[in-house]
Amino acid sequence: PALTAPMPTDWGCHAPEFSPAVEIYSRHGNSESADMEYDPPFLEVDPDGTVQSALDPNLWDYKLGFVGGTDAHDTRPGSVCAPENGDPNRYRGGLTISVIPSEVEYSRAALYDSIIDRRSYATSGPLIPAVANYYSGGAYLGSMGEVVDLPRGQPLNIVVQTPDYHSQFVTGVVLKSINQELSMNQIDIGEWALTIAPEQAPAFLYPVVKVDGEAWYNDQGFHCADGGRDRTERLWLSPTWFEPTSGDLDGDGVKWVDGDCDDGDPSRHPYAIESCTNGIDDDCDHRIDTMDDDCDVDELTLSEIYQP
């Protein structure tokens, strides 16, 4: 979408119901934004025709999933490593990874539904599974492609995961929005996380997974001449959108900002009856009761229990 040639993209002509996804990467390059650093288009870029301009809530505010394509028109699906053959384009193009629930039988219709539901993401080449999940106050909000409620005043927690084996090729994960890029912290093998402070969550976020392309293709047993200025590769996971709400996520009558220590569990709130046997802070007083019948002796603070 980003190029000025053969013609610039006019997002005013876009119909999201017919085109629920946007091609963020192709053999023309990266169409993410006007100032992209990774594989920028080799033709002039139209700033108003980029993916981020379509997503921007202050501009078109479209809710679109991501796909990638080769644009080669030579019936060459599933590969971005074809020889140049005199092709004047700088890049070989991208691929689309579709996420289909395990209980759904694979079919053309299931593949189509995944794109409609924004359960797809784009890759510049590596076929690496990845998932992004969003939480707040202990409550699960949703995943890639969804529009979720985020209560005002609550932090936003994001977790991105890749399979353990594939994680050896991942060099980092960043979260992107309009003119914003946040580096995620690796907390385990194949797991990256970040917490965004209350009231600082943007209208949407999408993770970008950075991959060591040379290591990936060497592991696959071949060298891939897919173009680009270096051997770095990318995965662009479809965005997740956040709708501000003043709601109580678990329906127990207490909001996280009012002292609910786990807004994903309706049995835990400041007015709950403390259990003596579950080892959990049920009433959110920051104390876990030991297993005595009355729950009135030998109370330990969390800092005492979890001290180094």
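Is Trp236 buried or exposed, and what is its relative accessible area? In this predicted model Trp236 is buried, with a relative accessible area of 1%, where buried means under 20% relative accessible area, exposed over 50% and partly exposed in between, for a 1.4 Å probe and protein chains only.

**View 1. Overview of the protein chain.** The chain holds four helices and 18 strands, which are DSSP runs numbered from the N terminus (helices H or I, at least four residues; strands E, at least two). Of its 308 residues, 46% count as buried.

**View 2. The pair of Tyr38 and Trp236.** These two rings form a tilted aromatic pair, 6.0 Å centre to centre with 45° between the planes; rings of Phe, Tyr and Trp (its six-membered ring) pair if their centres lie within 6.5 Å, and planes under 30 degrees apart count as stacked, over 60 as edge-to-face and the rest as tilted. Tyr38 lies in the loop between β2 (29-30) and α1 (51-55), whereas Trp236 belongs to strand β15 (residues 232-237), 198 residues apart. Tyr38 is likewise buried, at 8% relative accessibility.

**View 3. Arg234 over the face of Tyr38.** Arg234 lies at 4.4 Å from the ring centre of Tyr38; a charge sits over a ring if NZ of Lys or CZ of Arg is within 6 Å of the ring centre and within 35 degrees of the ring normal.

**View 4. The aromatic cluster.** Trp11, Trp60 and Tyr62 form one aromatic cluster.

Residues are numbered from 1 along each chain as its sequence is written, and side-chain values use heavy atoms, with hydrogens and water left out. Because the model is predicted, local features need pLDDT of at least 70 and side-chain atom pairs count only at pLDDT 80 or more, while totals for chains, interfaces and linings use all residues.
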